[in-house]
Amino acid sequence: MAQVVIRDLNKKFDEVHAVKNVNLHIKDKEFMVFVGPSGCGKTTTLRMVAGLESITSGEVLINDTVVNELPPMDRDIAMVFQNYALYPHMSVYDNMAFGLKMRKFERAEIAKRVQEAADILDIGQLLKRKPRQLSGGQRQRVALGRAIVRHPQVFLFDEPLSNLDAKLRVQMRVELKKLHNRLGTTAIYVTHDQVEAMTLGDRVVVMKDGVVQQVGAPLELYNQPANRFVAGFIGSPAMNFATVSLAEHDGAVWVEGPDFRIRPPQSSAGRLRGHAGRQVVLGIRPEDLRVANGSDPADLGFDAVVEVTEQLGSEILLDVKAGPASMVASVEPTVPAKVGDRLRLALNPDRLHFFDTQTEAAI
Amino acid sequence: MATIAIAVDDRQKRPRPRTRVLEDERWLAFALLLPTAVLLGLFIAYPFVKGVLLSLSADRVGVSGGFVGLANFDKIWNDSIFRTAVWNTFWYTGVTTVFKLFLGLWLALLLNRHFKGKAYIRAAILLPFIIPTVLSTFAWKWMFDPTFSVINWALFKLGLITGRINWLGDPDLAMTSIIIVNIWRGVPFFAISLLAGLQTISPELQEAAAIDGAKPWKRFWYVTWPLLLPVTMVVVLFSVIQTFADFQLVYVMTGGGPANATHLFATYAYQIGIGTGLLSEGAAISLAMFPFLLLIVIVQLLYIRRVETR
């Protein structure tokens, strides 16, 4: 049972303000993912929770205890590092047993716990080997094993899958999820990969330039991004953006692009009315665009020229040009589009996003 | 035009004889090895063989004495000064190596931390190592001078002594003095080499160990030290070989005195071989070092191999 609370957390490295006023409440048994581009402060925040980085101001609480001044060993946490950080001169067994030996556990208890962890992670046959005799995936398992033998209150993961190849990463991701379901230990997981964040997290924290942009469940971030950054960062391929003007004609709000003119549905018109006469940023995900057919209303589509087609098997990504704007549309694999074709694309009217040009906040 | 074009073509197809020889791997390898082989032969193998031959003869400076077998070795074995020199060499090497290792490791660990002005301190620490030995040893000789010793002056002013200490005039103190100078000179080599070794150890390992519950001393003992061991062994090996065959420091400080009490293999060999002109006996003294050094090198190399394949 452990919850982690972060209050007004700040970190400054000389002139660089790396983490700015972060406030988070990570619930017991929750799998919380910090995601963002490199240099966004996610790893620094994690390291402050671990006790590996001093806190400039603010508080970190683990189970209602302020741990700011506690050394890492007294915080009852376990961490999995990006480069595994296995002790190269120790066997797999000794690597996993080290933390227990340092905490003066009985020999029999150590053996029992290591065996238990080895069974869970399926590395029982590797216990006598040295880390350099293991593959990347096996090392990753040993690093996980070293973390779980201690039965800590909180797991901290610092980009643990980024050194694995794509296939192994997907496999380990599933196993991490299973492991968390099985152990139920509170976890904080740092990654720059939004797919990992979406698939693993109970909730996801999106960070940029040391500031938390949005905290929420994966689908919440996907469907209701708080600002343009989150909208562009979450989802693959990324959301399309185009600068458009909002105009009011005959009581209806119209979105006017350089080469198209659409009428958003009544549901979003209300929010947009206050911005009439101004420029805003329109966001539409590639999967919310499709090739128009006869039944589509004329005012929810636009003409585009295909520039590149990317066949993915289950879908085709069309890189198109609509006036001056470049967009990506994800369409059915049966669409016979070729480079240079002109076609009409239809928008899903319920899936339009609008952002303020200045503040970039969602409208 | 056509003729010229063909001529050019021809030359490209068939390289000149010299180029062809070098394209043969065996010849190329030979050509590349030759300079090294010549240098090694001229400056290592020849003097070594010459030394062995000399030690088996009765040659003196300007006088060719003929083959005498192991007579020179028999003679030095019964020479009490030689026995003192052997003991001195082992004592000198042993004591200095232990101190150099501990002080060097301590400095390396300090320098491996982040603090302001680290680059300057690192450069300053190298000073004893880069100043020519003879020059710095002369400075030390003055510091140990019976009349002008700054050390005596300082100890006197601090009220720790009442009379003068005759640093280089007393056999035991003289040995201690040269040991101090050797440590002073040798610590930078240990510190910088071990620092280089420390920097190859990922800081993540320290962090992992800290989270695993290891206190600083245990982190050093269980993580840093085992990983630093291969580097340490190489550094110790180098230092032992150099210290064992040391010459200039003792030669400048005491010249082997007082009363031949501080001779090492090299200084005694020099005194007998060059000082008194008994070339063959000097060669025998030098060569007596060889089996000891060989043994030390073999043991350490075996150990290094074991550590590295662990």
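Predicted model: local features only at pLDDT ≥ 70, side-chain atom pairs only at ≥ 80, totals over all residues.
Local features are described only at pLDDT of at least 70 and side-chain atom pairs only at pLDDT 80 or more, whereas totals for chains, interfaces and linings use all residues. Residues are numbered from 1 along each chain as its sequence is written, and chains are lettered from A and ligands numbered from 1 in the order in which they are written.

**View 1. The two domains of chain A.** The domain assignment, which comes from an automatic or database source, divides chain A into domain 1 (4-233) and domain 2 (240-356). Their C-alpha centres are 40 Å apart. Contact, meaning C-beta atoms placed from the backbone and lying within 7 Å, involves 4 residues of domain 1 of chain A and 5 residues of domain 2 of chain A. On the domain 1 side there are 2 nonpolar, 1 polar and 1 charged residues. Here Ala, Val, Leu, Ile, Met, Phe, Trp, Tyr, Cys and Pro count as nonpolar, Asp, Glu, Lys and Arg as charged, and the others, Gly among them, as polar. An unreviewed UniProt entry annotates residues 4-234 of chain A as "domain: ABC transporter"; UniProt positions follow the numbering used here, feature names are shortened, and annotations may be inferred rather than shown by experiment. This span is 37% helix and 26% strand, where helices (H or I, at least four residues) and strands (E, at least two) are DSSP runs numbered from the N terminus.

**View 2. A cis peptide bond in chain A.** The bond between A:Ser236 and A:Pro237 is cis, with omega about -5°. A:Pro237 sits in the loop between helix H8 (228-233) and strand S11 (240-249) of chain A. Most peptide bonds are trans.

View 3. A:Val204 has A:Gly216 as its bridge partner in S10. Between the strands are 2 residues, and A:Asp209 in this hairpin has a positive phi near 50°.

**View 4. Two loop residues with positive phi.** A:Glu159, in the loop between strand S7 (154-158) and helix H5 (166-183) of chain A, has phi near 45°. A:Glu159 is buried, having 20 other C-beta atoms within 10 Å. B:Ala259, in the loop between helix H13 (248-253) and helix H14 (265-275) of chain B, has phi near 50°. B:Ala259 counts as exposed, with 11 C-beta neighbours inside 10 Å. A residue is buried with 20 or more other C-beta atoms within 10 Å of its own, exposed with 12 or fewer, and partly exposed in between, the C-beta atoms being placed from the backbone.

**View 5. The contact of chains A and B.** The contact takes 18 residues from chain A and 15 residues from chain B. Strand S6 (77-80) and helix H2 (92-102) of chain A each give two or more residues to it. By class, the chain A side has 14 nonpolar, 3 polar and 1 charged residues.

**View 6. Helical spans of chain B.** Chain B has 15 helices and 0 strands. Among the spans that the unreviewed UniProt entry lists as "transmembrane region" are residues 27-49 and 90-111 of chain B. Residues 27-49 are 100% helix, with end C-alpha atoms 29 Å apart. Residues 90-111 are also 100% helix, and their end C-alpha atoms are 31 Å apart.

Methods
Pairing = 2+ DSSP bridges. Contact = placed C-beta atoms within 7 Å.
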